[in-house]
Amino acid sequence: MIDLKDQIDLKKLPRHVAVIMDGNGRWAAIHGKERVFGHQNGVTSVRETAEAAAELGIEFLTLYAFSTENWNRPPDEVEALMSLLVNTIHSEMDTLYKNNIRLNAIGDLDSLKPGTKAELLNAIEQTKDHERMVMTLALSYSSRWEITNAMRKIAEKVQNGNLKAEEITDQTIANQLATATMPDPELLIRTSGEFRLSNYLLWQIAYSELYFTSTLWPDFRRKDFYKALIDFQKRERRFGKTSDQIKAGLARP
Ligand code: IPE
Ligand code: IPE
Ligand code: MG
């Protein structure tokens, strides 16, 4: 059997892959454990996915770790997730160094406890010169929060006379998003068999290929990431054009 990795065309890799890491609670229930056990086991999946992506040459990996809406979970689960975040930052520093991965975060970081935020910013600072891949954690993130903030910043510019309403383009908006320095994700993966976006990167995924797998996040391994990439590479990305146009080489660059 040909290795899954060998089936990936390295010349047609997405530059940016976004992941909705879902199914930790259900995984824990299957194993007769508390939800937090699922979150803890999800760390191995994060490590495998990050290493696989970096080794292949993917430039940006953006992981949905905690949504704005997740603050509504029971306080002990929220607390456990925040402690896990801090512990994981410590324990995985070595992975970030070994693989030359730069850590980044998007979301309302001011809503984190000061200590948690400080640990996160410290890890971001320590890895700022790593060049192989940027791994962004979406933390206390939601797309509507991000777009609302962007609109406020644009409105301020208009109000101050620094921008005219008719000068606003889609690039003006993209520039005010937390992802301003990244290309849009070409591929979005969601685990656990849910077919929804849960307020994730709604602007940025306008033309992303969506890949859904029933695998629960703590079971997600390198091979599952490779499968998603192989599936992605079989798709024809048309950007509104016809298949014939794409085949004739008229695809948008
Ligand atoms: C994803 O797993 C992790 C977070 C949202 C933080 P869940 O905790 O949502 O697991 P399920 O969906 O309940 O199985
Ligand atoms: C989305 O998962 C958020 C993260 C993966 C961090 P959820 O499990 O919170 O999504 P919903 O609530 O089922 O849509
Ligand atoms: Mg879930």
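Reader: Which residues surround ligand 2?
Author: This is a predicted model, in which local features need pLDDT of at least 70, side-chain atom pairs count only at pLDDT 80 or more, and totals for chains, interfaces and linings use all residues; side-chain values use heavy atoms, without hydrogens and water. Residues are numbered from 1 along each chain as its sequence is written, while chains are lettered from A and ligands numbered from 1 in the order in which they are written. A residue counts as near a molecule or strand if one of its heavy atoms lies within 4 Å of it. Around ligand 2 we find Ile 20, Met 21, Asp 22, Tyr 64, Ala 65, Phe 66, Asn 70, Arg 73, Arg 190, Arg 196 and Ser 198.

Reader: What share of ligand 2 does the protein bury?
Author: Start with a polar contact (a pair of N or O atoms within 3.5 Å; within protein, one must be able to donate a hydrogen and the other to accept it, and residues adjacent in sequence count only if both atoms are side-chain atoms). The side chain of Asn 70 has an N or O atom 2.9 Å from an oxygen atom of ligand 2, and a polar side-chain atom of Arg 73 is 3.3 Å from an oxygen atom of ligand 2. Next comes accessible area (Shrake-Rupley method, 1.4 Å probe; for residues, only the protein chains shown count as cover). Ligand 2 alone exposes 390 Å², and the buried share is 78%.

Reader: How much of ligand 1 does the protein cover?
Author: The residues around ligand 1 include Asp 22, Gly 23 and Arg 35. Gly 23 uses a backbone N or O atom, 3.3 Å from an oxygen of ligand 1. Of the 380 Å² of accessible area that ligand 1 has on its own, the protein covers 86%.

Reader: Is Ser 140 buried or exposed?
Author: Ser 140 sits in strand E4. Its side chain makes polar contacts with the side chains of Trp 71 (2.8 Å) and Ser 111 (2.8 Å). The cut-offs for relative accessible area are under 20% for buried, over 50% for exposed and in between for partly exposed (1.4 Å probe, protein chains only). Ser 140 has 2%, so it is buried.

Reader: How far apart are the end C-alpha atoms of helix H3?
Author: Helices (H or I, at least four residues) and strands (E, at least two) are DSSP runs, numbered from the N terminus. The expected span of a helix is 1.5 Å times one less than its number of residues. H3 has 17 residues (75–91), so it should span 24 Å; this agrees with the distance between its end C-alpha atoms, 24 Å.

Reader: Which elements do the buried residues of H3 pack against?
Author: The buried residues of H3 include Leu 81, Leu 84, Leu 85 and Ile 89. Contact means heavy atoms within 4.5 Å. The partners are helices H2 (35–56), H4 (93–98) and H5 (114–126), and strands E2 (60–67) and E4.

Reader: Within what arc do the buried residues of H6 fall?
Author: An α-helix has 3.6 residues a turn, so residues three or four places apart point the same way. In H6, the buried residues are Ser 143, Glu 146, Ala 150 and Ile 154. They line one face of the helix, because seen down the axis of H6 (by the directions from the helix axis to the C-beta atoms) they fall within an arc of 70°.

Reader: Which residues of H6 are exposed on the other side?
Author: The buried residues of H6 have cover that includes strand E4 (133–141) and helix H7 (170–175). On the other side of H6, the exposed residues are Arg 144, Arg 152 and Gln 159.
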